[in-house]
Amino acid sequence: MRDELSALLEQAAPAIVREVAGALSQRSGSVYRARGVVATGRAVGDLVAAMVADVAAGNGKQLRAGLRDILSRLSEEAISFRDLRLVQEALRTDLFTRIEAADLPLAALRAVEDWFHELTHQCSLYLLAQREHLIDRQASEIEVKLAEQRQLSIPIVPIYEGVLLAPLVGNLDAYRAQVLTTRVLEVVGRSHARLLLLDVSGVPKVDQEVVDHLLRTTRAVRLLGCQTVLIGIAAELARTMAGLDLDTSELVVRRSLQEGLSHALATLGLAVARR
Amino acid sequence: MKSFKGQYLGAALRSFVRALHQSEAVLRQILRNHGLERIDEEQWYDLNTARSIYYTVGAQVGERSLHGVGLQMIDAAQFPPGIDDIRAVLQSLDAAYRMNCRGPEIGAIICELEGDHTASVTFATPFPCALTRGILQGCARKFAPDALIEHSREGCVDRNGPSCCFHVEW
């Protein structure tokens, strides 16, 4: 049976390639139409050659080894599910018509069916791998960008000689709190500031770890000769801090940025006077 | 975090530097938090430092990036002669792991070939799931670019399980 089938496939191969490639290159919106009948013919020819070899050998070795290259040559971008379905359908329809017309035994149909099963399997793996690769790459890029943004979104600006303002906006997670500590120590150390106004009015929610970071930052900043003034503590943050049984006696707290500024000026022995 | 006795080779640890190369700031932050300025490829580091770096990448950057660290580790790796197909590379994973990690509590990687084109690989190692999945995918992709890796439903080290088991199909 296998010899008979192989002979049929080898003899019919040029016609199969011509007819399948011709039909595929007419399909609107497909990679086959985009690449044209010659490139499509090459891809279909390679597939048919793999099928002839695999059916003769009784395995799917050529298909496994070559499918990815065949598809890559056809398109640099990943082939879509529809394109994969179209080529499978076109090949299957053409081949089974010929096998039935040649009145080959059921075993011949089975051998070709096995090959198509392998083709479907390999196309599925190809498609899944392509999608997974794309998602991994995109998600990884987004993750890194977000991590960078979390670092950059903590501005620390000098508002007067010796006075720094760090307005925190958005959720403060443990990572961002850690970044804050590092950034604050860097800037305070470099600028020799005497006062740091840490405005947390834009922070809606914090947890114990974050409060701990804030307190540690305050202590570390003091070692650099700078006082931290916590500004605009929201009700939830106050509740979290009160519930933690932490020693907050060393904290200088002001309700608003305006009060914080007044405190800073007073500490520096300055006052705002109307002209 | 639980502590493990062992050491980890800088050459493998440097994969995280390569994987995060597009973000100097994030990279520097993670290194600094671990008391490191750079990673020396020939130096052996405390296993817990290496673990902590990987877990930090997962927690502070994200799991996809940690998966990318695993892929990067294999991208840069040289395979010895004889390791020229996916079956061979999967079976050599444990030996390769032992060349990069040493000590009494480093665990093991067990590979079971199930069929001509399927295998189960169990990572009973103290490293995060996303990293090991990346390493496995990197190995598989070297010789079977469309290999599919699926995490078994039975346990995961990230959820305090003893190991992560992956089914590989190519």
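Among contacts in chain B between residues at least 6 apart in sequence, what percentage join residues at least 24 apart? In this predicted model, the share is 67%.

**View 1. Chain B as a whole.**
Chain B contains eight helices and seven strands. Its radius of gyration is 15 Å, close to the 15 Å that the globule rule gives for 170 residues, so chain B is as compact as a globular protein of that length. The C-alpha trace of chain B spans about 45 × 30 × 30 Å along its principal axes. Of the 170 residues in chain B, 41% are buried.

**View 2. The two domains of chain B.**
The domain assignment divides chain B into domain 1 (7–75) and domain 2 (86–169). Taken over C-alpha atoms, the centres of domain 1 of chain B and domain 2 of chain B are 19 Å apart. In the contact there are 20 residues from domain 1 of chain B and 18 residues from domain 2 of chain B. On the side of domain 1 of chain B that touches domain 2 of chain B, at least two residues come from each of strand S1 (7–9), helix H1 (10–13), helix H4 (47–61) and helix H5 (63–75) of chain B. H5(B) gives the largest share of that side, 10 residues. By type, the residues of this side of domain 1 of chain B are 12 nonpolar, five polar and three charged.

**View 3. The largest nonpolar core.**
The largest nonpolar core has 47 residues. Those that touch the most other members are Phe16(B), Tyr54(B), Val57(B), Val69(B), Val121(B), Ala140(B) and Val168(B). Helix H8 (residues 129–143) of chain B contributes the most to this core, seven residues. At least three residues of this core come from each of domain 1 (7–75) and domain 2 (86–169) of chain B. Setting aside neighbours within four places in sequence, Phe16(B) is in contact with Ile53(B), Tyr54(B), Val57(B) and Val69(B). Another core, of 37 residues, lies apart from this one, and its members include Leu47(A), Ile79(A), Ala111(A) and Cys123(A).

**View 4. Where chain B meets chain A.**
Contact between the chains involves 18 residues of chain B and 17 residues of chain A. Helix H3 (24–33), H4 and H5 of chain B each provide at least two residues of the side of chain B that touches chain A. That side of chain B consists of six nonpolar, nine polar and three charged residues.

**View 5. Chain A as a whole.**
Chain A has nine helices and five strands. From the N terminus on, its elements run α-α-α-α-α-β-β-α-β-α-β-α-β-α. The radius of gyration of chain A is 35 Å, whereas a compact globule of 275 residues would have one near 19 Å. Along its principal axes, the C-alpha trace of chain A spans about 105 × 45 × 30 Å. Buried residues account for 34% of the 275 residues of chain A. Among the contacts in chain A with a separation of 6 or more, 77% are between residues 24 or more positions apart.

**View 6. Helix H6 of chain A.**
Helix H6 (residues 174–191) of chain A is 18 residues in length, and from its first C-alpha to its last it reaches 26 Å, close to the 26 Å expected at 1.5 Å a residue. Buried in H6(A) are Tyr175(A), Arg176(A), Ala177(A), Val179(A), Leu180(A), Val184(A), Val187(A) and Val188(A). An α-helix has 3.6 residues a turn, so residues three or four places apart point the same way. Just after H6(A), His192(A) has a positive phi of about 55°.

Conventions:
Residues numbered from 1 in each chain as written. Chains lettered and ligands numbered in written order. Predicted model: local features only at pLDDT ≥ 70, side-chain atom pairs only at ≥ 80, totals over all residues. Helix = DSSP H or I, 4+ residues; strand = E, 2+ residues; numbered from the N terminus. Rg over C-alpha atoms; globule rule 2.2 N^0.38 Å. Buried ≥ 20, exposed ≤ 12 C-beta atoms within 10 Å, placed from the backbone. Contact = placed C-beta atoms within 7 Å. Domains from an automatic or database assignment. Nonpolar A, V, L, I, M, F, W, Y, C, P; charged D, E, K, R; others polar. Expected span 1.5 Å × (residues − 1). Core = buried A, V, L, I, M, F, W, Y, C linked by C-beta atoms within 7 Å.
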